[in-house]
Each structure stands twice: as structure tokens, then as C-alpha cells.
Amino acid sequence: MSKDLKWLVSQEPNPNIAPLAPGATVKVGYRIKEGDKERTQNFQGLVIRVRNGTAGSFTVRQVLYGIGVERTFFFASPKIERVEVIQQGRVRRARLYYLRGMSAKASRAKLRSKD
Amino acid sequence: MAKIAGIIGKKLGMTQIFDDAGNLQPVTAVEAGPCYVAQVKTVGKDGYTAIQIGFGLAKKLNSPEKGHLKSTGRQLKHLREFRVSDIEGVEVGHAIDVSIFKPGDRVDVVGISKGRGFQGGMKRHGFGGGPKTHGQSDRGRAPGSIGGTTYPGRVYKGQRMAGHMGNARITVRNLQVVEADVNRNLLLLKGAVPGADNGVLEIRKTSKGGRK
């Protein structure tokens, strides 16, 4: 985006989204529609990227049945019900893409909690 | 007042918002109006009916411009004319703001596209260029054949070739109004509009019948 239009489109930060940082294990409650019913789907995983700004988003990675699944959520999305931080891992990079090539065990070792 | 056909605005830039259903929408923010009627054209005087409106504050006007805008009492920077059939009750000096639009309306937007300078056929017309391999050299971005030989002995008019691209008047039709905020003179339109940020735009009710 060439210009910051933040002042234009008023955006209250969603109070149900906990402050996020890469390396955090989070649980995201995301509203989805099934037919005409709405329910909340939880997605738990590791934050591997946080983007700020008007189009701010974060990407959560999870390994399901041996297959890596990544979902990107917009901070401003009204479909996000809540985001809880379960654990904050110690990382030395802002973008944790290197975890993609690792086994679950290796990535857990990388993220042994802070203390 | 008679049906006002359009408004003049300034492109602020693009951003994104979520609609009520929670879907992300790309929008262009436009600072639109307030505009003031600068001239009313009548059949008796001009042979057709139209409303000329002005937008923005001019730093400097030359004397013919000053004379033209004298009756409005304002220094209007950009003047545009909108053809309307019904000019009943419209007078010079009347204000027009974004309240003429409401969310869900369809509009046409006219702007001057970004100038690209002199461009080759590949960029300007989407030509495929020449082969990169099979012994070819210096043909990578060439336009290819531009016509026959002895017959017709000339290049047809309208043959697409390299040349000046952009900086032209472009109309984008049938854009949806997402938001019209009178207090901030702000218009949010779904999708992209022609031209660079800070470019002047004409926004009018769409001439497309089409779907609602």
C-alpha cells in the first residue's frame, strides 16, 4: 500500500485478541457458517508471522496428521471470536518459515519456553 | 432540487474493509465534494442542458476564470460538466456533497490513468513477443509481422504497435458504493479506480442498467 489510510477506516483493535508475537502457541476461535448455523471453530498452532498495519494479519501453523496446515487471519476480521496465547516460545526471528522444513519434534525443541 | 448526476473527488488511495458478512473487500477511498454549481447550461443559451460543478480550492485563477466563477463567490480548482435533462431549481452556488450517493449505489468513475510513457507492444497490447530459443536472437520483445507484402503494400490503419501508453481518460463503470460519509466527505468504492493517488475523479450515477 502506497499510503497509510489508517485514519480513514476507523479500526478499534479487537479486545478479544491477545497481543501476539512470533513463536507464540495460540488458540484462535473463528466463526464459520455451516448451512444456516454458525459455530466457532478452534484452530490451535504456532504463530509464524505477524504483519502490522491496516491490513494486519498473522499466520498460525499446525501439524495435523503429519500434514502442515497454515492459516492466515486478519486482525480486523469480525469472524475472529477470540485469540488466546497458550505459551510464548523464545525465538530469534520475526518470520519462522524455517520451521516448515522441520519435524514436529525438532520444532518443539526450538521453542522450549523462555525460561 | 433536480436530480444531480455526479460529483468531483480526489483519489486518496486503496485499503480494505470487512463487510457485514465478514468478507474482506478491496475499496478505494475518495475525498468527494463538497462541490458547488458553477454554471447551469440551458437549451436557450447553450443548446443543451447540463450542470457545471467545481471542486477544491484554487490557489490562483486567471481573470477569465475569476469572471466565470464570480457569481459562485468561490475559487474552484476543478470544473467538470455533467449532462442532466432536468435542471429545474438548480442555481449557481448550490452545494453538492456525497449525500447524493448511498451504500449499494452503482457509479461510474472517470479519471486520468497513470502515464506509462512510450511502451512496446508486449506491455501496451499484451503481445507474446518472439521465441527465446531455437536459434533466435534479438526477437524477444519484437511485435512480429505487422502486415502483408506487395498486397496491400501498406500497413493497415489501427495496427497495434509500440507507442504512448496511459495518461488517458478512462471510465470504470458499475462500481459499488460501499460507504458515503457526508461529515468527512468520504466515499468508499469497491474496487480500483483509474489514476494515481491525489488524481481528480468524476463520479456519477452509472449509465449501466445492468444488475442491481
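Tutor: Let's start with a term: buried means under 20% relative accessible area, exposed means over 50%, and partly exposed covers what lies in between. Keep in mind that this is a predicted model.

Student: Thanks! Why is Phe58(A) called buried?

Tutor: Its relative accessible area is 0%. The cut-off for buried is under 20%, so Phe58(A) counts as buried.

Student: And what makes Phe75(A) partly exposed?

Tutor: Phe75(A) has 25% relative accessibility. Buried needs a value under 20% and exposed one over 50%, so Phe75(A) falls in between and counts as partly exposed.

Student: Let's turn to the rings. How many aromatic pairs does a search of the whole structure find?

Tutor: Five, over all chains. In one of these, the rings of Phe58(A) and Phe75(A) have their centres 5.0 Å apart and their planes at 45 degrees.

Student: Why is that pair of Phe58(A) and Phe75(A) called tilted?

Tutor: Two values decide it. The centres are 5.0 Å apart, and rings pair if their centres lie within 6.5 Å. Planes under 30 degrees apart would be stacked and over 60 edge-to-face, so with planes at 45 degrees the pair is tilted.

Student: What parts does the pair tie together?

Tutor: Phe58(A) lies in strand E3 of chain A, while Phe75(A) lies in the loop between strand E4 and strand E5, so the pair ties together parts that are 17 residues apart in sequence. Both residues also belong to a cluster linked by ring pairs, together with Tyr30(A), Phe43(A) and Phe73(A).

Student: How do you know that Arg71(A) lies over the face of Phe43(A)?

Tutor: Arg71(A) is at 5.6 Å from the ring centre, and the distance cut-off is within 6 Å, alongside a condition on the angle to the ring normal. In chain B, the charged end of Arg74(B) sits over the ring of Tyr36(B), 3.6 Å from its centre.

Student: Staying in chain B, is Glu202(B) buried or exposed?

Tutor: Buried, because its relative accessibility is 6% and the limit is under 20%. Glu202(B) is found in strand E12, and its contacts beyond its sequence neighbours include Ile7(B), Phe82(B) and Val109(B).

Student: Why does Arg83(B) count as exposed?

Tutor: At 61% relative accessibility, Arg83(B) passes the cut-off of over 50%, so Arg83(B) counts as exposed. This residue of strand E5 still touches Ala5(B), Tyr48(B), Thr49(B) and Ala50(B).

Definitions and conventions:
Residues are numbered from 1 along each chain as its sequence is written. Chains are lettered from A and ligands numbered from 1 in the order in which they are written. This is a predicted model: local features need pLDDT of at least 70, side-chain atom pairs count only at pLDDT 80 or more; totals for chains, interfaces and linings use all residues. Side-chain values use heavy atoms; hydrogens and water are left out. Helices (H or I, at least four residues) and strands (E, at least two) are DSSP runs, numbered from the N terminus. Buried means under 20% relative accessible area, exposed over 50%, partly exposed in between (1.4 Å probe, protein chains only). Contact means heavy atoms within 4.5 Å. Rings of Phe, Tyr and Trp (its six-membered ring) pair if their centres lie within 6.5 Å; planes under 30 degrees apart count as stacked, over 60 as edge-to-face and the rest as tilted. A charge sits over a ring if NZ of Lys or CZ of Arg is within 6 Å of the ring centre and within 35 degrees of the ring normal. Lists of a residue's contacts leave out its neighbours within four places in sequence.
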